[in-house]
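This report describes a protein chain together with its ligand. Please examine the sequence and the coordinates shown here before reading on.

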Amino acid sequence: MNAFRTLLHPSRVVTVPLRNAYRWFDERTGITQLVHKGLYEAVPHSGGWAYTLGSATLVLILLQLFSGIFLLLDYVPSVEEAWQSLHFLQAQDAFGNWVRGLHLWGAYTLILVIGLHALRTFLSASYKRPRELNWMSGALLFFLVLGLAITGAMLPWDNAAYWTATVVTNILHYFPLIGDGLRQLWRGGTFVGPITLTRTFALHVWVLPFVLFAFIGAHLYLLRRHGEFGAWVNYNTETDDPDKEIGERIRNAEPPYPTKRIERRYAAPKRTVDFFPDQLFKDTAVSVGLVAIIFIAGLIFGATLDEPADSATLTYVPTPEWFYLPLDQFLVLTPHDPLIAVGIFVIVLAGAAAFFLLPFLDRSRERRPTRRPEVLVPALFMIFAVIFLAVLGVNRLYNL
Ligand code: HEM
């Protein structure tokens, strides 16, 4: 009788089937092993807060996906209805303005955070062997995020969107030989119109996210393959006999270390810790903090919707999104000459190519920032120039 009672005890009635269901699921998926692998992944002992930016970038991209899906429930990608549908969303839907705000402020924060993540991996020289492809896949992700931001800005089909579409599609014209063809292809004709919006929508919602998630997969795969140990701090020696210390590290290293054909010093990191609990806690704290700020900013500021697009307007003064302001200000400051415009286009392309190819431009073995003035000084100059141009043009900002 007692055994019967124990068997039918409420806690057993619930837990036994649950446990069996979990076992069934685990046998088929290997979920326990997967979670275990993720939690006990070796990460740098000296990592810390600067290493939270990569996972924060991932979380912010997922937030964009989430808020974007909600926007798609109402948004209609046609020149007659795009503006109307967003106006309806803002005016009639209880949370409409908040969701638009989430998507907008999420995008702004994402651009800042991905930029900081790139800056941290640049300063720590994490792009050096064997992480060249980590950097290059990351650089492509950065371009894709900028592409998503600018195509998104064209979708509301208000005046700001219309003029953004006009100016951005026109940039293609400066590509030698194929430029005009590309502009025609994107616009769906000579001028910006209904087909431009349909194609921009397809880029923003299908093409760019598809490529983005493919490259995120590649970036994370490479991260797991080489570990998060790009920074020089992982290879500092602590004893009086550095050679012996490095030798011991190499002897005790577990795969994928020691890294092949690399200076001995950088072959195996000095000290690793498990991802759980310290780093996971820091990653979660930063991501939750950022998401909370975005929710609050979205609620308070929402997102602006200008007058419906009017190509005949004579009074509207187009201004760029803040993240393109430095480039726009550069154009404003230079004389209006087609040849100069081509020159600026070439400079920007060369800058983007240098950013992408950095691991092959900086071939020195040195990783400490202060001993890499040949890359640090030009990079600081670039950052200073971008901030300076942004400050000069700040009074023309539209969207802030
Ligand atoms: C969608 C965008 C991105 C995601 C989701 C992402 C994610 C991550 C994560 C989770 C890490 C490990 C933690 C950390 O170091 O912060 C990492 C490392 C790394 N990322 Fe990214 N990242 C992105 C964009 C970029 C960009 C724009 C660059 C540079 C141009 C970059 C270059 C690197 C490098 C070189 C590492 C290795 C760091 C090391 O070993 O020290 N990533 N990324």
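Is Tyr-162 buried or exposed? Tyr-162 is buried, with a relative accessible area of 13%; buried here means under 20% relative accessible area, exposed over 50%, and partly exposed in between, with a 1.4 Å probe and protein chains only.

## Basis of the model

The model is predicted: local features need pLDDT of at least 70, side-chain atom pairs count only at pLDDT 80 or more, and totals for chains, interfaces and linings use all residues. Residues are numbered from 1 along each chain as its sequence is written, and side-chain values use heavy atoms, with hydrogens and water left out.

## Overall architecture

The protein contains 16 helices and two strands; these are DSSP runs numbered from the N terminus, with helices (H or I) of at least four residues and strands (E) of at least two. Along the principal axes, its C-alpha atoms fill a box of roughly 80 × 70 × 35 Å. Of the 400 residues, 40% count as buried.

## The shell around the ligand

The ligand has 28 residues around it, and those that come nearest are His-117, Arg-120, Ser-126, Gly-138 and His-219; a residue is near if one of its heavy atoms lies within 4 Å. By type, the shell divides into 14 nonpolar, eleven polar and three charged residues. In this scheme Ala, Val, Leu, Ile, Met, Phe, Trp, Tyr, Cys and Pro are nonpolar, Asp, Glu, Lys and Arg are charged, and the others, Gly among them, are polar. At least two shell residues each come from helix 4 (53-72), helix 6 (96-123), helix 7 (132-154) and helix 10 (194-226). Helix 7 supplies the largest share, six residues.

A backbone N or O atom of Gly-54 lies 3.1 Å from a ligand oxygen. For Arg-131, a polar side-chain atom is 3.3 Å from a ligand oxygen, and a polar backbone atom of Phe-229 is found at 3.4 Å from one.

## The iron site

His-117 and His-219 coordinate the iron atom of the ligand through their NE2 atoms, at 2.1 Å. Donors are N, O and S atoms within 2.8 Å of the metal (3.2 Å for Na, K and Ca); water is not among the atoms, so sites may look incomplete. The iron site is octahedral, with angles of 88 to 179 degrees among its six donor atoms; six donors count as octahedral if opposite donors are over 155 degrees apart and all others between 65 and 115.

Because His-117 lies in helix 6 and His-219 in helix 10, the pair ties together parts that are 102 residues apart in sequence. Both His-117 and His-219 are buried.

## Aromatic pairs

The whole structure holds 23 aromatic pairs, counted for rings of Phe, Tyr and Trp (its six-membered ring) with centres within 6.5 Å; planes under 30 degrees apart are stacked, over 60 edge-to-face and the rest tilted. Tyr-127 and Trp-135 form an edge-to-face pair, because their ring centres are 5.5 Å apart and their planes lie at 65 degrees. Trp-157 and Tyr-162 are also edge-to-face, at 5.8 Å centre to centre and 80 degrees between the planes. Trp-157 is buried, at 7% relative accessible area.

Notes. Polar contact = N/O pair within 3.5 Å; in protein donor to acceptor, adjacent residues only side chain to side chain. Tetrahedral: all angles 85-135°; square planar, octahedral: opposite > 155°, others 65-115°.
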